[in-house]
Every structure is written in structure tokens, then in C-alpha cells.
Amino acid sequence: MSERFTPGPMTRGITGTRLVLATDLDGTFLGGTEDDRQRLYDWVEENRDSVGLIFATGRDPEFIAELCEGGIPWPEYVVGDVGTTIAQITGQTQNPIEALEAEIAEAWNTAGDRVRAALAELPGLKEQETAFRYRVSYDMDVTSFDRIAIERVEEMGLDWIASDGKYFDVLPKGVSKGPSVKRLVNHLGIPPAHVLCAGDTMNDLSLLSCGLPAVAVGGSEQRLVDHVADLPHVHVAEARGAGGIFEAIARLGLHPLPDDLAERFAAETDTG
């Protein structure tokens with residue numbers, strides 16, 4: 001089933017681009033100073049011939065449509081709903097890629113009602129209003145959360161993610177942002193070394209730890225930083241949000257940047 005969008009970019013391949021940015025939204029692509037955000041968005045648009053864009057987000061299609069209508073660059077692909085949706089943006093439509101989503105649907109196995117029943121009335125969880133196809137998501141109150149919820153999810157053979165101290169997601173086994181981005185990258189034939197994954201909270205852990213070049217932007221959730229700090233392919237940035245993405249591009253040598261940005265982030269990350 002497709003979700004309607006207002007006109008986006010013309011369909012194009014990103015396999016041959018020099019850099020494919022697979023980025024979380026809140027706190028990452030949408031984070032940092034206003035100047036850094038606008039500079040990043042303008043830079044992406046100015047370099048569409050050599051930069052591809054994938055949103056790897058927990059957000060739903062309606063949010064993404066509204067965001068891009070407001071001037072944020074359109075992605076070519078979306079790994080949405082915490083990795084349970086893998087879709088291509090084509091004009092006004094987000095088209096799930098059936099070959100990639102079939103495995104997700106099979107792993108979920110219509111578990112939504114079972115999850116809701118198992119977690120009903122447990123303290124510290126309030127189901128989010130947005131309906132998702134292959135996940136159930138809750139707002140979480142950590143002060144009253146009962147870990148029996150985790151036990152019940154695991155007994156059903158499903159995965160869970162608690163992130164940002166306030167969200168609890170129930171997902172198909174083995175499905176999250178990282179595995180889904182890797183499926184998409186492999187499906188498109190993009191060289192792994194040409195990808196940069198970017199995130200800032202624990203629901204980005206699989207994205208940053210999946211083996212592709214990655215950045216934990218400045219201001220990331222401390223638990224995420226603790227998990228990825230020793231991974232050689234992950235850069236832990238000082239600059240927040242969009243600035244942290246630029247910092248990683250400069251530090252990892254993934255794409256030429258304007259001279260002022262290259263000088264700024266080379267200086268800020270100089271370890272000599």
C-alpha cells in the first residue's frame with residue numbers, strides 16, 4: 001500500500017553517488033544550530049548528483065511528507081517506522097519495496113493484537129495513536145515502567161527497544177534501522193564505504209553498529225555513546241545534529257566540503 005506525498009524529487013538512482021547519507025531525523029538531521037541545519041540542507045540539494053539521502057527514522061509517512069513540504073530535502077528512500085518500512089520516494093508516492101518488506105512482514109506475523117493484549121494495562125506504557133503495520137509503539141514513563149513488559153515481548157519471540165528515556169517499541173525479531181538500511185544498501189548495490197549512518201538515541205544503536213561508516217552526533221544519548229565509542233567505524237562527534245554530520249563527512253573523508261566547513265571541522269576534530 002502506498003502513502004501519498006506532495007511532489008518530491010524525480011526518481012533517480014543513488015547507486016553511483018559518492019556519498020549516501022542514511023540519517024535519523026529528530027536530534028540528528030533535524031538537530032543542531034539553525035545555521036548548521038540550513039547549511040546541510042542546502043549542501044544536500046546543491047550536490048544531488050553526488051549525494052543520496054535515506055531517512056532512517058521512527059517517524060511515519062505523514063510526518064515525513066509534512067516535513068518535506070516545509071522545505072527539508074526529500075530523501076530518495078525511507079527506512080521508516082524504526083526499520084519496519086523500506087520504501088522508495090517516487091514523485092508524490094512512498095512505495096514500499098515488496099522484495100525487502102516481505103521478510104519483515106513474515107517476522108512480524110500479524111503480532112500487533114497479541115502485543116497489545118500482552119502489554120495492556122501494564123504501568124508506564126501508553127500506546128501511541130499512530131497505527132504502524134509491523135510494530136507497536138508506546139510512550140514510556142520510566143518511573144513506573146514494569147520490566148515484565150520486556151519479558152512478555154521476548155516470550156513472544158519479538159524484539160524491543162527503549163530509547164530516549166521515553167519510548168518503547170516492539171518490533172519483529174531481527175528488524176530495526178540497521179538491518180533494514182543494510183538490506184536496502186545491498187539491494188541497491190551501493191558500496192558500503194560510500195554510506196554514512198547518523199543517529200543520536202538508542203533506537204539508532206543498530207544503525208550505528210551495523211558495520212557501515214557511522215556517526216553519533218554531538219548531544220547523543222549517553223547510553224548510545226557508551227555502546228559505540230569503541231567501534232572503529234563510528235565517529236563520535238562534538239558538533240550537534242547537522243553539524244555532527246558535517247564533522248563526520250570531513251573526518252572520514254567521505255565527500256568534499258566547502259573550504260570553510262572543511263577547515264572548521266578539521267580544526268575541531270584535530271587529534272594531532
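Valine 153 lies in helix α6 of this predicted model, where helices (H or I, at least four residues) and strands (E, at least two) are DSSP runs numbered from the N terminus. Valine 153 is buried, with a relative accessible area of 0%, the term buried standing for under 20% relative accessible area, exposed for over 50% and partly exposed for the range in between (1.4 Å probe, protein chains only). Apart from neighbours within four places in sequence, valine 153 is in contact with Leu119, Leu158, Asp159, Trp160, Phe168 and Val170, contact meaning heavy atoms within 4.5 Å. From glycine 70, valine 153 is separated by 83 residues in sequence and, C-alpha to C-alpha, by 37 Å in space.

Residues are numbered from 1 along each chain as its sequence is written. Local features need pLDDT of at least 70 and side-chain atom pairs count only at pLDDT 80 or more, while totals for chains, interfaces and linings use all residues, and side-chain values use heavy atoms, with hydrogens and water left out.

In helix α5 (residues 112–119), the buried residues are Gly112, Val115, Ala118 and Leu119. These cover an arc of only 135° around the axis, which puts them on the same side of α5, the arc being that of the directions from the helix axis to the C-beta atoms. An α-helix has 3.6 residues a turn, so residues three or four places apart point the same way. Asp113 and Ala117, on the other side of α5, are exposed. The packing partners of the buried residues of α5 are α4, β7 (125–127), β8 (136–140), α6 (148–155) and β10 (167–171). Just after α5, glutamate 121 adopts a positive phi of about 65°.

Helix α4 (residues 98–108) also packs with helix α7 (residues 177–188), at an angle of about 150° and with the axes 10 Å apart; axes are lines fitted to C-alpha atoms, for helices over the stretch in contact, and angles run from 0 to 180 degrees between N-to-C directions. The two helices, α4 and α7, are therefore roughly antiparallel to each other, given that angles under 35 degrees count as roughly parallel, over 145 as roughly antiparallel, 65 to 115 as roughly perpendicular and the rest as oblique. In this pair, Leu100, Glu103 and Ile104 of α4 meet Ser180, Arg183, Leu184 and His187 of α7.

A further pair is formed by helix α2 (residues 34–46) and helix α10 (residues 241–252), whose axes come within 8 Å and cross at roughly 55°. That angle makes α2 oblique to α10.
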